[in-house]
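Work through the exercises below with the coordinates open. Each one gives a task and then a solution in steps.

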Amino acid sequence: MGNTKAASFNANIKTTEHKEATKPPSTFLMLTWVFTIMSVVGLIGETIQHYLAFGEWESRAGFIWGPFSPIYGLAATLLTVLALKLDKHKIRSSFATFCIAALIGGGLEYFASWAMETFWGIVAWSYLGAPGNFNGRTDVFHM
């Protein structure tokens, strides 16, 4: 009888270990990686886009040293949280997802522009001459 209990105990440990080993990473860990990776990828993408549009390399570094721009990481993190929430509530409409993502992205760009100007007196970008702009901080049509 003692061997049966020991075998049962060992089987439970193996099952628990297997569940732990196959358990997906925590949401916080995943969001930390999304933030970090997209802070770098976003800045690299913007640098390449500027080169393709204007034919010149320009330093696009933000207020953090190196190829790291937290605005891209924050946007990617917010959009990932949005995707998780939409999936949890079984909202799978591409149009709804696009509209919500556009509002989050535009809102973040607007807030970042406002905060930079309000707290540091910096105007890093302006869409004042573009149609569909909101106080020059973000623009519906500019890509």
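The exercises that follow concern a predicted model.

**Exercise 1. Overall layout**

Task: State how many helices and strands the protein chain has and in what order they run.

Solution: 
- Step 1. The protein chain has four helices and two strands.
- Step 2. Read from the N terminus, the order of elements is α-α-α-α-β-β.
- Step 3. Of the 143 residues in the protein chain, 17% are buried.
- Step 4. The accessible surface is about 10,800 Å², and carbon and sulfur atoms account for 69% of it.
- Step 5. Among contacts between residues at least 6 apart in sequence, 49% join residues at least 24 apart.

**Exercise 2. Helix H2**

Task: Check the span of H2 against its number of residues, then find where H2 bends.

Solution: 
- Step 1. H2 has 28 residues, so at 1.5 Å a residue it should span 40 Å.
- Step 2. H2 bends by about 25 degrees at Met-38.
- Step 3. The buried residues of H2 are Leu-31, Val-34, Ser-39, Gly-42, Leu-43, Thr-47 and His-50, and their cover includes H3.
- Step 4. After H2 comes Gly-55, with a positive phi near 70 degrees.

**Exercise 3. A nonpolar patch**

Task: Name the residues that make the nonpolar surface patch, and classify Leu-29 as buried, partly exposed or exposed.

Solution: 
- Step 1. Leu-29, Trp-33, Ile-37, Met-38 and Val-41 make a nonpolar surface patch of about 460 Å².
- Step 2. Leu-29 is in helix H2.
- Step 3. The relative accessibility of Leu-29 is 41%. Partly exposed covers values between the buried limit of 20% and the exposed limit of 50%, so Leu-29 counts as partly exposed.
- Step 4. Met-38, a member of this patch, is also the residue at which H2 bends.

**Exercise 4. Helix H3**

Task: Repeat the span check for H3 and list its buried residues.

Solution: 
- Step 1. H3 covers residues 70–88, and its 19 residues should span 27 Å at 1.5 Å a residue.
- Step 2. Pro-70, Gly-73, Ala-76, Thr-77, Leu-82 and Leu-86 are buried in H3.
- Step 3. The cover over these residues includes helix H2 and H4.
- Step 4. Just after H3, Lys-90 has a positive phi of about 60 degrees.

**Exercise 5. Arg-137 and its partners**

Task: Find the residue that forms a salt bridge with Arg-137, and say which parts the pair ties together.

Solution: 
- Step 1. The count of salt bridges comes to one.
- Step 2. Glu-117 is the partner of Arg-137, with the closest N and O atoms 3.1 Å apart.
- Step 3. Glu-117 lies in helix H4 and Arg-137 in the loop between E1 and E2, so the pair ties together parts that are 20 residues apart in sequence.
- Step 4. Glu-117 is partly exposed at 37% relative accessibility, whereas Arg-137 is buried at 12%.
- Step 5. Ser-113, in helix H4, is in contact with Arg-137 and Trp-125, leaving aside neighbours within four places in sequence. Ser-113 is buried, with a relative accessibility of 7%.
- Step 6. The loop between E1 and E2 also holds Asn-135. Asn-135 is not a glycine, yet has a positive phi of about 55 degrees, and its relative accessible area of 57% makes it exposed.

Terms used: Residues are numbered from 1 along each chain as its sequence is written. This is a predicted model: local features need pLDDT of at least 70, side-chain atom pairs count only at pLDDT 80 or more; totals for chains, interfaces and linings use all residues. Side-chain values use heavy atoms; hydrogens and water are left out. Buried means under 20% relative accessible area, exposed over 50%, partly exposed in between (1.4 Å probe, protein chains only). Contact means heavy atoms within 4.5 Å. The expected span of a helix is 1.5 Å times one less than its number of residues. The bend at a residue is the angle between axes fitted to the seven residues ending there and the seven starting there. Patches are made of residues with over 30% relative accessible area and no salt bridge: like charges are joined within 9 Å, nonpolar side chains (Val, Leu, Ile, Met, Phe, Trp, Tyr) within 5 Å. Accessible areas come from the Shrake-Rupley method with a 1.4 Å probe; for residues, only the protein chains shown count as cover. A salt bridge is a side-chain nitrogen of Lys or Arg within 4 Å of a carboxyl oxygen of Asp or Glu.
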